[in-house]
Amino acid sequence: MRILVSNDDGYNAPGLEALVEALSGLGDITVVAPETNHSGASNSLTLNRPLSVRTAANGFVYVNGTPSDCVHVALTGLMDARPDLVVSGINNGANMGDDTLYSGTVAAATEGYLFGIPAIAFSLVDKGWEHIESAARAARQIVERQIADPLGAPVLLNVNIPNRRFEDLHGVRVTRLGKRHPSEPVVRSTTPYGEPIYWIGPVGLALDATPGTDFHAVTEGAVSVTPLRLDLTHTGQLDEVRTWAGPLCASV
């Protein structure tokens with residue numbers, strides 16, 4: 001069993017170290033992670049400069065690029081054999097609902113999924129690393145399940161784990177993504193030279209946290225597992241858009 005592990009918090013993040021330790025013994029583990037924190041990087045690839053690859057004292061490989069860069073470089077240039085599983089995390093903070101569109105943690109897993117490799121992204125719901133060992137233990141159980149009984153097709157799973165003792169977790173629930181309110185306004189400030197600068201504001205509160213969503217599951221102390229897909233086509237609007245675009249199509 002070959003497992004590629006990455007993250008978006010950087011190669012020296014406690015969540016990555018805890019995840020790798022928890023997965024020890026499950027297979028041949030390769031770690032390729034960003035040199036620095038790339039939270040919110042989404043699926044971006046670095047195309048305007050070359051990437052450097054270095055190895056830390058603990059054997060972790062780190063790249064001066066994004067999470068997607070790390071997995072892409074690992075799969076297409078660093079690893080001698082294709083991995084059986086790509087695992088990302090454990091992230092310092094939740095990736096639920098709309099967060100998944102921005103998440104570098106989910107993006108690292110997505111890059112593996114794009115190559116046809118099963119992939120799992122793990123996140124700890126609240127920032128600060130409290131109960132990270134419990135989250136790592138829960139992550140191992142999910143990876144063990146995938147190894148013992150692999151899902152039939154390449155799959156992309158988004159997992160969020162509440163900050164609780166392992167014994168206090170209320171099981172695992174398969175969920176759909178919830179929804180958030182729009183983000184809070186940007187925070188305006190100035191440089192020492194009087195120039196305006198802006199910080200992106202905090203994420204919005206949960207808008208759809210009804211039963212069945214990831215928000216609802218973690219609120220009740222359960223581990224949320226959401227299968228994701230990448231087809232962004234709004235199939236329900238195809239007929240409407242065909243009608244709307246009819247005069248345009250006829251004039252071409």
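Helices (H or I, at least four residues) and strands (E, at least two) are DSSP runs, numbered from the N terminus. The model you see above is predicted, so local features need pLDDT of at least 70 and side-chain atom pairs count only at pLDDT 80 or more, while totals for chains, interfaces and linings use all residues. Residues are numbered from 1 along each chain as its sequence is written, and side-chain values use heavy atoms, with hydrogens and water left out.

Let us start with a pair of helices. Two packed helices are described by the angle between their axes and the distance between the axes. Here, the axes of helix H1 (residues 14–23) and helix H5 (residues 132–148) come within 9 Å and cross at roughly 45°; axes are lines fitted to C-alpha atoms, for helices over the stretch in contact, and angles run from 0 to 180 degrees between N-to-C directions. H1 and H5 are therefore oblique to each other. Where do they touch? Pro14, Gly15, Ala18, Leu19, Ala22 and Leu23 in H1 meet Ile132, Ala136, Ala139, Arg140 and Val143 in H5, where contact means heavy atoms within 4.5 Å.

Next, look for the pockets. On a 1 Å grid over the protein atoms alone, a pocket is an open set of points where a 1.4 Å probe fits, with protein on both sides within 12 Å along at least five of seven lines; lining residues have an atom within 4 Å of a point. The largest pocket holds about 800 Å³ of space, a volume being the space filled by probe spheres set on the points, which are joined across faces, edges and corners. Of its 29 lining residues, Ala94, Asn95, Asp99, Tyr102 and Val203 are the closest to the centre. Strand S5 (85–92) and helix H3 (99–102) each give two or more residues to this lining.

The second largest pocket has a volume of about 510 Å³. Its lining counts 18 residues, with Thr100, Leu101, Leu177, Arg229 and Leu232 closest to the centre. H3 gives two or more residues here too, as do helix H4 (104–114) and strand S13 (223–228). H4 supplies the largest share, three residues.

Finally, some backbone details. Most residues other than glycine have a negative phi, and most peptide bonds are trans. Yet a cis peptide bond joins glycine 89 and isoleucine 90, with omega about -5°, and isoleucine 90 is found in strand S5. Tryptophan 129, although not a glycine, has a positive phi of about 70°; its place is in the loop between strand S6 (119–124) and H5. Histidine 131 lies in the loop between S6 and H5, and its phi is near 65°, also a positive value.

How values were computed
Parallel < 35°, antiparallel > 145°, perpendicular 65-115°, else oblique.
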